[in-house]
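Open the model in your viewer and follow along. We start with the whole chain and then go to a few side chains.

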Amino acid sequence: MKVVLASVLLLCLLLSSSFLDVSMAGSDFCDSKCGERCAKAGVKDRCLKYCGICCQKCNCVPSGTYGNKDECPCYRDMKNSKGQGKCP
């Protein structure tokens, strides 16, 4: 009985650690994609902030430094409180 319980606990620990790795990889993905997206931005820190917010929610960032928002409809359709596009 103790062996079965220990095996189940070990399995749960291994599964939870693999899920943590996947979620951490998402932030690296967003950092690199937003770095590319905001490479030519005039106000880089603001661009990176909003791009990161949009990437975390949508899990995608359009290619290039401008335009191409049709590649990621969620990113394209996010709006700020004034109804304007939120994502750079």
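Colour the protein chain by secondary structure. You will find 3 helices and 0 strands. Starting at the N terminus, the order of elements is α-α-α. Both kinds of element are DSSP runs, numbered from the N terminus: helices are H or I with at least four residues, strands are E with at least two.

This is a predicted model: local features need pLDDT of at least 70, side-chain atom pairs count only at pLDDT 80 or more, and totals for chains, interfaces and linings use all residues. Residues are numbered from 1 along each chain as its sequence is written, and side-chain values use heavy atoms, with hydrogens and water left out.

Now show the surface. The protein chain has about 6600 Å² of accessible surface, and carbon and sulfur atoms hold 62% of that. Such areas come from the Shrake-Rupley method with a 1.4 Å probe; for residues, only the protein chains shown count as cover. Of the 88 residues in the protein chain, 18% are buried. Buried means under 20% relative accessible area, exposed over 50%, and partly exposed in between (1.4 Å probe, protein chains only).

Next, select Asp70, Arg76 and Asp77. What links them? A network of salt bridges links Asp70, Arg76 and Asp77. A salt bridge is a side-chain nitrogen of Lys or Arg within 4 Å of a carboxyl oxygen of Asp or Glu. The structure has 2 of these bridges.

- Arg76 to Asp70: 3.1 Å, N to O.
- Arg76 to Asp77: 2.9 Å, N to O.

Are these residues buried or exposed? Asp70 is exposed, at 62% relative accessibility. Arg76 is partly exposed at 32%, and Asp77 is partly exposed at 44%.
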